[in-house]
2 protein chains.
Amino acid sequence: MICQVDTNNGIPIYEQISRQVKFAVANGSLLVGEHVPSVREMATRTAVNVNTVARAYRDLQAEGVLVSIRGTGLAIAADAPEKCRRNRLEMVRERLRYILREALQNGVSSDEIQALVHSEWDALKKESPLDNTHPEKG
Amino acid sequence: MICQVDTNNGIPIYEQISRQVKFAVANGSLLVGEHVPSVREMATRTAVNVNTVARAYRDLQAEGVLVSIRGTGLAIAADAPEKCRRNRLEMVRERLRYILREALQNGVSSDEIQALVHSEWDALKKESPLDNTHPEKG
DNA sequence: ACTACTGTAATATCTAACTATTACAGTACT
DNA sequence: AGTACTGTAATAGTTAGATATTACAGTAGT
C-alpha cells in the first residue's frame, strides 16, 4: 500500500490518504484483516508528519474502514470492502458535480464537456497504462 | 454581476470570485469597459470581507483581466474576453484531470465515468435550466 | 526482562486563508 | 469646499492544516 500525496493541490493530506485507502479497499488492493502500513512507515514513505497519517487513520476508524488491534496496528474491517465499493462512485461523483455545475453555469456546452472528458481520459490512459495488479472479481 | 461563494468547499474564496469573473467575461456577462462591482458592494452581496474581494481583484489585475481606473473602480480590460475565452476550457480541464486521474488509478472503468458524467450533467440541467441571458456570438 | 515495534496524545510552532477595523489618496458630483 | 464614492493598505485576531518533538501504554519476539 503506497500513497501518493500532493501538497500543492489544496486538498488536505489526511483526506488524500483516507481516500486512497478507501479506494484500495474497494478494488481489492487491501484485503479484510490485512494490516495497513503503520503510521510511522506511511509517514516516512509519503514524507508527511506522523500526526497527519494518524488523523487519516482515525477518520478511517470512525468510518468503520479500519479496526484497531491493540499494540499491533490497524487492519481492514470485515465489512469495509462492501462499504468502500458502494461509496467508490459516490466519492468520484461528489467532486465531479462541482466541476460540471461550474461548467454548466458558465456556458460550457454538453458537447464540449463530453469531448473534454474523452480527451483527458485518453491522455491519462496513455500516461499511466493500467497495471491490473488487483483485478476486481465480477 | 453576482458571485456565488461557498465557504465550505475548501476552495479559497478569492479564487472562487476571480474564477467567476473570468467565466463571466468569457461568456459575455461582463463586457469590455464595464465596471465590476466595487469591492465593498461585492463584499456585502457575497457576505465576505472586503479584503478577500480586494485580493481577488488584485489577482485579476495581475492577470490582465481588470484594469484600474483611479478613484472610479475596476473595469474589464480590452483584451480580457479573448484571454478568458481561451482559458475557459483550460480552467475546467485542470480540475477535471485530477478527478479522472484518481478514478482511473483506482479501477473505475471508462464506461462508469461516461455514465457518471452523463447522469450528473442531466441532473444539473434539470436543477437549473439554462437562462440564456448572455448568449455568446458564434 | 529486554527490545522493538504498535497507536495515541499533548505541546508548541508555522503558514494560508479569512475576518474586523481603521486609515488614506484619488475621482465625481453638487 | 463638501460629500460620497472608488481602490489600497496596514494592523490585529481567528481558524484549519501541517509540522516537530516528546511521551506513554499495549503487544510480540527474543
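Modeller: A helix here is a DSSP run of H or I with at least four residues, a strand is a run of E with at least two, and both are numbered from the N terminus. The model is predicted, so local features need pLDDT of at least 70 and side-chain atom pairs count only at pLDDT 80 or more, while totals for chains, interfaces and linings use all residues. Residues are numbered from 1 along each chain as written, and chains are lettered from A and ligands numbered from 1 in the order of writing.

Colleague: What pattern does chain A follow along the sequence?

Modeller: By that definition chain A has five helices and two strands. Their order is α-α-α-β-β-α-α.

Colleague: What makes a residue part of the surface near DNA strand C?

Modeller: The C-beta atom, placed from the backbone, must lie within 6 Å of the strand. Around DNA strand C there are 26 such residues, and A:Ser38, A:Gly73, B:Ile13, B:Asn49 and B:Gly71 come nearest. At least two residues each come from α2 (39-45), α3 and β2 (73-76) of chain A and from α1 (13-26) and α3 of chain B. The most come from α3(A), which gives six.

Colleague: Which residues are closest to DNA strand D?

Modeller: DNA strand D is surrounded by 26 residues, with A:Ile13, A:Asn49, A:Gly71, B:Ser38 and B:Gly73 the closest. Two or more residues each come from α1 (13-26) and α3 (50-62) of chain A, and from α2 (39-46), α3 (50-62) and β2 (73-76) of chain B. Here α3(B) gives the most, six residues.

Colleague: What makes up the contact between chain A and chain B?

Modeller: Two residues are in contact if their C-beta atoms, placed from the backbone, lie within 7 Å. Chain A and chain B give 32 residues each. On the chain A side, α4 (80-105) and α5 (110-127) each supply at least two, and α4(A) has the largest share, 13 residues. That side has 16 nonpolar, eight polar and eight charged residues.

Colleague: How do you know how the two copies are related?

Modeller: Copies are superposed by least squares on the C-alpha atoms of residues with pLDDT of at least 70 in both. A rotation of 180 degrees with 0.0 Å of shift along its axis places chain A on chain B, with an RMSD of 0.0 Å. The copies are therefore related as by a two-fold rotation axis. Both use the same surface, as 100% of the contact residues of chain A recur in chain B.

Colleague: Which residues of α1(B) meet α4(B)?

Modeller: B:Arg19, B:Lys22, B:Phe23, B:Val25 and B:Ala26 do, and their partners in α4(B) include B:Cys84 and B:Met91.

How values were computed. Ala, Val, Leu, Ile, Met, Phe, Trp, Tyr, Cys and Pro count as nonpolar, Asp, Glu, Lys and Arg as charged, and the others, Gly among them, as polar.
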